[in-house]
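Reader: Hi! I have a structure open here and would like to talk it through with you. Could you take a look with me?

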Amino acid sequence: MTPLLDVQGLSIGFGDAPPVVQDVNFTVNAGETLAIVGESGSGKTLTCRSVLRILPGAAQLRAGQINYNNGDTVTDLLTLNERKMRNVRGNRISMIFQEPMRSLSPLHRIGNQVSEVLHLHRGMGTADAKRDVLDTFERVGFADPERAYRAYPFEMSGGMRQRAMIAMAMVSKPDLLIADEPTTALDVTTQAQVLGLIKNLQKETGMAVILVTHDLGVVANMAEKVVVMNKGRVMESGPAPAVLGNPGHGYTQKLFAAAPVIPKVAEPSAPLNYDDPILELKSVCKTYTVRGAGWRAKTKVHACIDVNLTLPRGKTLAVVGESGSGKTTCARIALGAEAPDTGSKVIFHGAKGSDPLPVHNMTRPERVAFQRQAQMVFQDPYSSLSPRMRVQEALTEPMEIHGIGTRADRRDKAAEMLRWVGLNPDMLKRFPHAFSGGQRQRLSIARALTLDPSLLVCDEPTSALDVSVQEQILTLLEDIRDRMGLSYLFISHDLAVVARIADEVAVMRQGVVVEQAPPDTLFYDPQHPYTQALIAAQPEPDVNRPIDLSLVANGAGSPDTWPEMFRFDGSAAPDLRELTPGHKVRCHV
Amino acid sequence: MMFIRYAAYRLLTMLLTLVVVSMLVFVIINLPPGDYLSNQIAELRATGQAEGVAKAEFLRTEYALDRPLWQQYLIWAGFAPGPNGFSGLLQGDFGWSFEFDRPVADIVGNALWLTVLVNLAAVLFVYAVALPLGVLAAAKSETAVDYTAAFVGYLGLATPNFLLALMLFYYGNKYLGLPIGGLMDPIYEGEPMSPGKVKSVLLHLIVPTFVIGTSGAAAMMQRLRANMLDELSKPYVETAKAKGMSPTRLLTKYPLRMAFNPFVADIGNLLPSMISGSVLVSVVLGLQTIGPALLTALKSQDQFLAAFILMFVALLTLIGTMVSDLLLVLLDPRIRYGARDG
């Protein structure tokens, strides 16, 4: 049998440089799912885009063939003329992209953008196209297809937009769907929904799927065949059970080692000792008032409701939740960057036994002193460093602001901090663009450390990074915490990352902490339905333990469907109660 | 419905702004010491012409120039009664030009429409040239097309307008038989509208439109090109390409629509900058627009004439920004719905 798609000896390069994709071979059969796995820079995205020939302008296809079998004839997509190629794109082979937020035009209605495919390839009129599109919308799970048809992309959530993208790719009933990191920008439960949707559609229509991803958990749940790529070359390929069950190549093994997993815990751990807290949040609430249009009434959004957290000195407290759970608002309030509602208290203890400092009610000198002690590491290392400042300037600026040391002292300190984070002091004269994502995050950490802080607030410090780099950054953070006696308030959406670094985890849902415990206790005996749903939705890189996509796709559902013990209506959530020592759950007794 | 409400709201704010602008204009014009009449009276006294002094004194009381500034303003704007009852801008009385010794309305009457005509033609020219060239330059960026467009654009920006005007007049007349100077053949001046007059005006408009519009078009083209290039690298363009759209259709449906916003938002700025920028050109080309009149009025402290012209330019600007705001709301759903979503 001729495969549906046969990629042979594909090489892609830029300018005179050596190829960035070299001699890539793989085949996809009809109805099959192939996963291309690799980290950033592995060439996986260029490889999948070359199938549709939508490469960046400077990229050159240097060698190879991509043979596409449309049932009776085989054509080489790389040499097909542009007009015929357009007929393949979106028609026989379609594609969905990583960022659903930016992959749809914000100025055109969803219905318009989706039905365009049918205008282009089927020559359909508006009414016919609309009928087909509404049909597809229903299949991808829009509750109200008519409304989705009229909606603009910005009126939808990320998951909904990705559904719209899938509808756009599916409406022409293609033979092959290429999905480039389709769920990387989404929460775990939304990820499960989208993956489940792709799988179901595949079953219905018999199309093949090329899934490009860096997440081995996603691969294990979706793919029949796997291609592992690194630096433009195929490291290993074969059936998913073989590659994932018994990785032969060293690089694949390294990927597995770096992938964070939720551990299997044998027993709960002892509760934390709160005798010497560095930071306390007491009944913190934050309400945003959203302005209505013109004369419309204002609405209130509760980003945090009665949050009580205590961070013991030298420990790591992680706040976990999906987007919109209020975890970042929490971090900003803890740092004093945002004022909470009245009645909330945030108290900082600079040293053991020193006077407690109310973070939101400080004198000017107190505030300056507090800012020296509490620093932040941001999520996106690409935008948190000014591209116009040399590393030295970026690292010495905090000390300059606080008037610490002489010029030479500051430079020495900056050099020392670079050594701390595993970089070379020679790099002081460079600009940030000369560094990779992981190195930049190291710079970002070094900058936070230059003031010798005692508290570091890390807002998703690894979510923009590759797994192997994430692993290194987490190790670094653990290392400096222990060496410098730092305390971390760690914000993340990833339970597996948190499992590794945290001493206590608070799970947040819609502004409310629903469960709180040391990680071992939490994973040993997750009580709350929301926590359970989050854990269940985390895909594991093991083909023998697939997650039930359709089940976890529902997430925890709405609170009125929860078991009696946790159920509530509206905003009348029950209190947070300590079930066993150190394990707090929001439930009725 | 929402749009109508927004339009009404926008109109209201425009009128309020206009009132504030009128105050500013009036105060600024009266900042230099003295006024046209007091200067004249002093001069007449010095030369001993008594009857002229009497007339000037009469005009001073007639136009309330002997009162405090805030009263003068209220009378001029028509908010308060003057010596002869209510007669200010609101009532359609634009005041008296002392320099020309005629009502302001008489002096600027024709010039107003010609100004609007010349500048509208220039704005249309700017858009008609900048739109296709900007899009083309972006679509074919870093090719000969792009470089040629940029070269022509820079040439347009760098050449002084009046020089361009003189050159165009000379060559236009020599090779194409285009008329030189003025906005119509002298035989039609003061005549009612006729097909011949329209044709004459259109012929006379060619060179001024080109001269006034060139630099604006060059700048706008560069802006549109930059916007388009930004948009072309956005993921949604890739999505459209993966859909199998042809390059032309893709370009016009998606990135162009996005790049259009700043383009539309510029309408408001374009009008006043053209009017003030075209003063020199109008002098050189002998156009009877209000530009030259404004220049004389400001020099001789002919306050009512100057104030009226400044108010007129302000009104055009405000109308321009209002039109562009309303167009933006129509064009961009994000702005339309933005208010609703907060």
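This is a predicted model: local features need pLDDT of at least 70, side-chain atom pairs count only at pLDDT 80 or more; totals for chains, interfaces and linings use all residues.

Reader: Good to know. What box do the C-alpha atoms of chain A fill?

Author: Roughly 80 × 60 × 55 Å, taken along the principal axes. Chain A holds 20 helices and 22 strands; these are DSSP runs, with helices (H or I) of at least four residues and strands (E) of at least two, numbered from the N terminus.

Reader: And how much of chain A is buried?

Author: 47% of its 589 residues. Buried here means 20 or more other C-beta atoms within 10 Å of the residue's own, exposed means 12 or fewer, and partly exposed is in between, with C-beta atoms placed from the backbone.

Reader: Let's zoom in on β17(A). Are its faces covered or open?

Author: Both faces are covered. A:Leu455, A:Val457 and A:Asp459 are buried on one side, and A:Leu456 and A:Cys458 are buried on the other. The strand spans residues 455-459, and five of its five residues are buried.

Reader: Which strands does β17(A) pair with?

Author: Strand β16 (residues 374-377) of chain A runs parallel to β17(A), joined by four bridges. Strand β18 (residues 487-492) also pairs with β17(A) in the parallel sense, over five bridges. Pairing needs at least two DSSP bridges between the strands. As for individual partners, A:Met376 bridges to A:Val457, and A:Leu456 to A:Tyr488.

Reader: Nice. What do β17(A), α16 and β18(A) make together?

Author: A right-handed β-α-β unit, with helix α16 covering residues 467-484. Right-handed means that, with the strands pointing away from the viewer, the path from the first strand over the helix to the second runs clockwise.

Reader: New topic: why does A:Val543 count as partly exposed?

Author: Because A:Val543 has 19 C-beta neighbours inside 10 Å. A:Val543 is in the loop between α19 (529-537) and α20 (549-552) of chain A.

Reader: What is A:Val543 in contact with, beyond its neighbours within four places in sequence?

Author: A:Ala220, A:Ala240, A:Pro241, A:Leu244 and A:Gly245. A contact means that the C-beta atoms, placed from the backbone, lie within 7 Å. The C-alpha atoms of A:Val543 and A:Val243 are 9.9 Å apart, although 300 residues separate them along the chain.

Reader: Last one: how many residues does each chain give to the contact between them?

Author: Chain B gives 22 residues and chain A gives 29. On the side of chain B, α9(B) supplies the largest share, six residues.

Reader: And how confident is the predictor there? What ipTM does the complex get?

Author: The ipTM is 0.74 and the pTM 0.78. Chain B has a mean pLDDT of 82, with 98% of its residues at 70 or more; pLDDT is the predictor's confidence in each residue, from 0 to 100. Among the elements of chain B, α9(B) has the highest mean pLDDT (90) and α15(B) the lowest (63).

Technical notes. Residues are numbered from 1 along each chain as its sequence is written. Chains are lettered from A and ligands numbered from 1 in the order in which they are written. Two residues are in contact if their C-beta atoms, placed from the backbone, lie within 7 Å.
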